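Here is a short tour of one protein model, with a few stops that may interest anyone who thinks in pockets, cavities and contacts. Have the coordinates open as you read along.

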Amino acid sequence: MAGVVHAFEMDEQIPATAALAQAHKPTRKAVPIGDYGFLSDGEATALVSPGGAVEWMCLPRMDSPSVFGSLLGPHAGSFRVAPSDVTVPAARRYLPGTMILETSWGTATGWIIVRDVLLMGPWRHDQAVSKTHRRTPTDYEPEHTLLRTIRCVKGEVQTVVECEPVFDYGRGIGHWSYTEQVYHQGVARSQHSEIALTLTTDMRMGFEGGRATARTLLKEGDVRFVALSWGSKEPPLTHAEAYSRLVWTAHHWQHWLARGRFPDHPWRSYLQRSALTLKGLTFAPTGAIAAATTTSLPETIGGERNYDYRYSWIRDSTFALWAMYSLGFDWEAVDFFSFIADLASAEDDLQIMYGIGGERELPEVELDHLPGYADSRPVRIGNAAYAQRQHDVWGALLDSVYLHTKARDHVDGRIWPFLGKQVEQAIANWHLPDAGIWEVRGGHQHFTSSKIMCWVAVDRGARLADIIGQNSKATEWRKVADEIHADICANGVDSRGVFTQHYGTDALDASLLLAPLLNFLPADDPRIKATVLAVADELTVDGLVLRYRTDETDDGFSGEEGSFTICSFWLVSALSTIGERRRARDLCKKLLSFAGPLELYAEEIDPHSGEQLGNFPQAFTHLALINAVVHVIADEALEDDLHTDDSFSD
């Protein structure tokens, strides 16, 4: 413990002068999406702006109504800790190997350092079974506390705390009252929510309407804390206790990350931050991975392509399992597979997505009272795509099971009967049109990638049947898989030998980059190489991949969209797979340069400005990043081996 504490103290290096801290650009109307810091405790999440404000936080779960929502509207609540006269920090980072965000502030008179963390603590449910936790208990669980510590490390700084929760997506003003701790603790409640928020601090608080505020002059060596809590765990009452819990949480994240396998490579930090982000997007009670922690961040500023991504898509499962197993996080992969197994064993029809608690119905509504990020309406909660027919879901599930079976050498007996039904669903529907992987809201089509995923479902089903000794079923399914394969090759390829978005068109679609990654054809097949190179050369803007051309695809929306970062990382993996190693490495290096300052990614990158767009942070992007970086590092190792062999032969 002492070693970690000492390391924290040594990291607080003070610049020689505060003058540079004043040379900042003016603040923007909307904070760039990629500049937010991401916090998580495995149940709740928060986004912290560079200006020190928590601008997005939903309680008690990451898909609950927001209590801080100024990300989507200026009057929807925020929680700021910062100097009184500076809005742009000198530096921000995560403490190494953790989910603890550190912001350094330089003013004309001094320096302070603020650390933000959602606290983790020891497992507490030893006397009663948890009402929400369905996975195998671990040694830790959330403390349901957002802790913000402040240390003055030079001079003196006037510091302010402004905590203004507005419950239910900005519809319920909070009403504060003091507790027996008088000026050091207050509770906020609203008739719009069952959540009660307790704010505890060693500063003196006052209440102004729905806002709790504190102001104090910190001098060199002074420390303060403020803790927002909403559960049964008592919050810290002193800075010493708060700091002890922060260090415990730091140990938790560092010990968790140490379980992973990360190569000794300059890109290692991207893999580690992606792993931590995926862990942070995992809802610990069920093992579900949320696609993102936000709703309605736009794919185009001012556009209408704004969706709620706080749910778990089955298609993410294959990439989640691959990424987790490849980095050595088997337990997390098992938890996610168990979440899928729970769903699979409970129903006959598999949806494309679920709530993070396993909820089936996710009705979509628009919140007209919120203007949206950068005035990008509408703001939506819920997601109507849950009711769509997307034929890739069966392939995603079966490929997940196949990956899990190879890694664990075991087929979960609970879901084998269900798996057979999903294979039969793919067989019964593969020849029908659907909404496709991109969930278009225009007309259904015979999307080539959907049919490839149906082939994956039947092919993996046959392989699994072989493993458990169902030989006759394996033979039957393999015959159908061959039929689907032949149909795709006959109808999903244009005159150039390139796989197309859907039958009867020459339009390209980035989802076809999955064909080599799913082993639909050998990597050296001319059609695979032609498809990958066509996407790279014709479906990109400045090298960044579009999902499709919006003027060629009836997706039910108007306007353009940015490049999809997951597709760009898919291209890296696909280029690597077909032997275009240098091109893959160059693109991967370019994509990593577009990461946010904290190495986080949203859904898209604007190819003209380089700014992040869409919901944030995006699980699918970080999954694809892991896949791509592992591919490139493996290529480099292969080239090193070949070079070594050549050296010996000389």
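Helix H3 gives the most to the lining of the second largest pocket, with 6 residues. Keep in mind along the way that this is a predicted model.

**The second largest pocket**

This pocket holds about 710 Å³ of space. Its lining is made up of 34 residues, and those nearest the centre are Thr138, Tyr140, Lys279, Trp331 and Glu332. If you colour by secondary structure, look for strand S9 (140–166), helix H3 (239–258), helix H4 (268–280) and helix H6 (330–346), each of which supplies at least two lining residues.

**An enclosed space**

The model also has 5 cavities of 30 Å³ or more. The second largest cavity contains about 90 Å³ of space. Around this cavity sit Arg315, Thr318, Phe319, Asp392, Ala396, Ile437, Met453, Leu514, Leu518 and Phe620. Helix H5 (316–327) and helix H7 (392–408) each contribute at least two residues to the cavity lining. By class, that lining has 7 nonpolar, 1 polar and 2 charged residues.

The two spaces can be set side by side:

| Space | Volume | Lining by class |
|---|---|---|
| Second largest cavity | About 90 Å³ | 7 nonpolar, 1 polar, 2 charged residues |

**Glu43 in its loop**

Next, a single side chain. Glu43 lies in the loop between strand S1 (37–40) and strand S2 (45–48). Is Glu43 buried or exposed? Glu43 counts as buried because its relative accessibility is 14%, which is under the 20% cut-off. Which side chain makes a polar contact with that of Glu43? The partner is the side chain of His144, at 3.0 Å. Leaving aside residues up to four places away in sequence, Glu43 touches Pro60, Arg61, Met62, Pro142, His144, Phe283 and Pro285.

**A three-stranded sheet**

The last stop is an open sheet of 3 strands in the order S25-S26-S27, with antiparallel pairing. Strand S25 (563–564) and strand S27 (612–613) are its edge strands, each pairing on one side only. Strands in a sheet are held as pairs through backbone hydrogen bonds, running either parallel or antiparallel. S25 and strand S26 (residues 604–605) run antiparallel and are joined by 2 bridges.

How values were computed
Residues numbered from 1 in each chain as written. Predicted model: local features only at pLDDT ≥ 70, side-chain atom pairs only at ≥ 80, totals over all residues. Heavy atoms only, no water. 1 Å grid on protein atoms, 1.4 Å probe; cavity = no way out; pocket = protein on both sides within 12 Å on 5 of 7 lines; lining within 4 Å. Points joined across faces, edges and corners; volume = space filled by probe spheres on them. Helix = DSSP H or I, 4+ residues; strand = E, 2+ residues; numbered from the N terminus. Pairing = 2+ DSSP bridges. Buried < 20%, exposed > 50% of the residue type's maximum accessible area, 1.4 Å probe, protein only. Polar contact = N/O pair within 3.5 Å; in protein donor to acceptor, adjacent residues only side chain to side chain. Contact = heavy atoms within 4.5 Å. Nonpolar A, V, L, I, M, F, W, Y, C, P; charged D, E, K, R; others polar.
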